[in-house]
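Trainee: I'd like to learn how to read a model like this one. Could you walk me through it?

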Amino acid sequence: MLTKNSRIKEVYAHPVGRDVLGKVLLQMGRSDRILLSPLIGSIKLKILPTLTKGAVDDAFLSTLLELLNGEPDTPRRDELAETSAWWKEAVFYQIYPRSFKDSDNDGIGDLRGITSKLDYLKTLGVNAIWLSPVYDSPNDDNGYDIRDYRKIMTEFGTMADFDELLEGIHARGMRLIMDLVVNHTSDEHQWFKKALEEPDSKYGNYYIFRDTRNNWTSFFSGSAWRFFEERGQYALHLFSKKQMDLNWENPEVRQEVDDLVGWWLKKGVDGFRMDVVNYISKREGLPEGNEKIGALIGFTGMEHYFYGPRLHEYLRELKAHAFAPFNAFSVGETPGVGMQMSKLLTADYRGELDMVFSFDQLETPGHVRFDDYRYDLNYYKKYITDWMENYGSHCRMALFFENHDNPRMVSKVNPDPQYRTVLAKLLAAMLFTLKGTPFIFQGQELGMINRSFSSINELQDIESLNLYDELLKTMDEKAAFKKILAGSRDHARVPMQWTIGRFAGFSETEPWIYSGDDDSLCSVETQSGDKASVLNFYRELIAFRGEHDALIYGDIEILNKKEKDLFTYRRSNGEESFYIECNLSDNIKKQKGRSAEAFRVIGNYPDAPSMLLRPYEVTIWRADGKRSLK
Ligand code: TEU
């Protein structure tokens, strides 16, 4: 039991303490290495408020202690040989259905559109598809607000179209995972309607209603509470006003989730990506959020639900009841969760999740998504080195740079067009040669970049639109739009670029979202025929990873750790060994540590590198003396 008399080093030795302190320091733009100093380590928690002149206050300490004391477990330290699984070998491809392919020319992507592109995905080489929500929804948040879990969204097609898609995926030897959004439902879901209409029925307790509201804020701006006349009460919504948080404390709610998961698994889907699944357990009594933490991370109250007291219990129950009978796969989306917590959520002996998406690599220290800044890949090197060395053999890392909630990575690192292709290829090479399971987001394989939206009217995303209104309270339109442009989720949501034709071959009518200032540069059509394209580099790398066990299960050793701009590592499994050499900058960088016998296998420049690495140059070398590719 930790108390205010405990010392910083004891907090840092605790898995949750390590993650929380690391995260706080990261947000402040500092490294957690200072915590290792004996002087700092010996400081008692109770003197922190005085020492930090109130920056760390009493309320913060109480919350921290509650979080720490709520987690009695520590990750095991034994390192056994990693077990094999299809999802460790697979490369996943995320489809955002609204923007992938429109088959009926209403300007909205749909299921039949996806089915028509399965051969494309097969030739790309991916093994599994993650489909963002396709369920019936009023689309306040593009399907992440579900009205009926057992119905397909009308614009996307019918259940027969879904069955055909699933069959097509399986016929090609690929797998399908669905998006499970069960932290909340739409306010138009039957359960919520009944909760309002018949508060005394069983549905009355399906959501989180309170007579008074606390200070928690929504991720989509403003208070996280909405007042309902019908009950004279507030209901909690961590996301939009139409996304009502479910009450997981109610066993009937958990049973509903078990049932709907089973319903889809019976249909034959292979697993789920679980939307904000770490938010499902809220601290009892819903205490006020700490304003200082709120100011630091931008949202108030998160410390009371991002790693809630019953999270492990709920996940175990869900796995045992619904996933395990089908041996189904799960990857949790877990914002705010660090490496130690991820271990406790995914270790193979814990029976909770198979993998999680950790988000700490997406912004460099001290930045948030809406800051207009250049991402320094040296931070990615530091971050990934830590995970590669310390995540352990009981856990598997989900590797990714992009998804439907983030701007394009190439644009974040270096928007200079002369580097677009080499940089897109460098990112790909890291994704497919680091240790973990790669997830790519539609269009990433073409090196798609951010859109140059010219006005707020071109944006559709509720997060961007709400934030824009919020920002206008303190800044002018130009400054507000600049921020939105830096972080908008719509950069990733513009239509997939299939051809150089009108609307990029996505549709024959005007798409639901602004499309197109980039069609000619970047499309499946143009890149397919170009040997040096980003697309063909993806194809080559995915195939290569699939053929070499060393890249899937092999050990990883990071070399040249202190060398700025140079990221080098070895993957080996006793039989084969590869040396991967990356220049993380747009400067010329001297190579270091490559052996003279190394044999070049794949690289992002047409010819082999010399002693000097060109901007963003990456080369995969065979480093075991063998020269054949197999
Ligand atoms: O996102 C959850 C989430 O917290 C963030 O990653 C998200 O970027 C948000 O903007 C917070 O700033 C998931 C989904 O991926 C997202 O599309 C949904 O809008 C959200 O949950 C609600 O379901």
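Trainee: Let's start with a cysteine: is Cys395 buried or exposed?

Mentor: First, some ground rules. This is a predicted model, where local features need pLDDT of at least 70 and side-chain atom pairs count only at pLDDT 80 or more, while totals for chains, interfaces and linings use all residues. Residues are numbered from 1 along each chain as its sequence is written, and side-chain values use heavy atoms, with hydrogens and water left out. Now, buried means under 20% relative accessible area, exposed means over 50%, and partly exposed is in between (1.4 Å probe, protein chains only). Cys395 has 8% relative accessibility, so it counts as buried. Cys582, at 0%, is buried too.

Trainee: How many disulfides does the structure hold?

Mentor: A disulfide here is a pair of cysteine sulfur atoms within 2.5 Å. The structure has 0 of them.

Trainee: Now strands. Which way do the residues of β9 point?

Mentor: In a regular strand, side chains alternate between the two faces of the sheet. Strands are DSSP runs (E, at least two residues), numbered from the N terminus. In β9, residues 233–236, Gln233 and Ala235 point one way, while Tyr234 and Leu236 point the other. All of these are buried.

Trainee: Which strands does β9 pair with?

Mentor: Two strands pair if DSSP finds at least two bridges between them. β8 (residues 225–228) runs antiparallel to β9, with 4 bridges, and Phe228 stands opposite Gln233. β7 (residues 209–210) is also antiparallel to β9, joined by 2 bridges, and there Phe209 faces Ala235. The β8–β9 hairpin has 4 residues between its strands, and Gly232 takes a positive phi near 60 degrees.

Trainee: What about the ligand: which residues come nearest?

Mentor: A residue is near a molecule if one of its heavy atoms lies within 4 Å of it. There are 18 residues around the ligand, and Asp141, Asp275, His404, Asp405 and Glu463 come nearest.

Trainee: Where does Asp141 lie, and what does its side chain contact?

Mentor: Asp141 sits in the loop between β3 (135–136) and β4 (148–152). A polar contact is a pair of N or O atoms within 3.5 Å; within protein, one must be able to donate a hydrogen and the other to accept it, and residues adjacent in sequence count only if both atoms are side-chain atoms. The side chains of Asp141 and Gln243 make one at 2.9 Å. A polar side-chain atom of Asp141 is also 2.4 Å from a ligand oxygen atom, and for His404 the corresponding distance is 2.9 Å.
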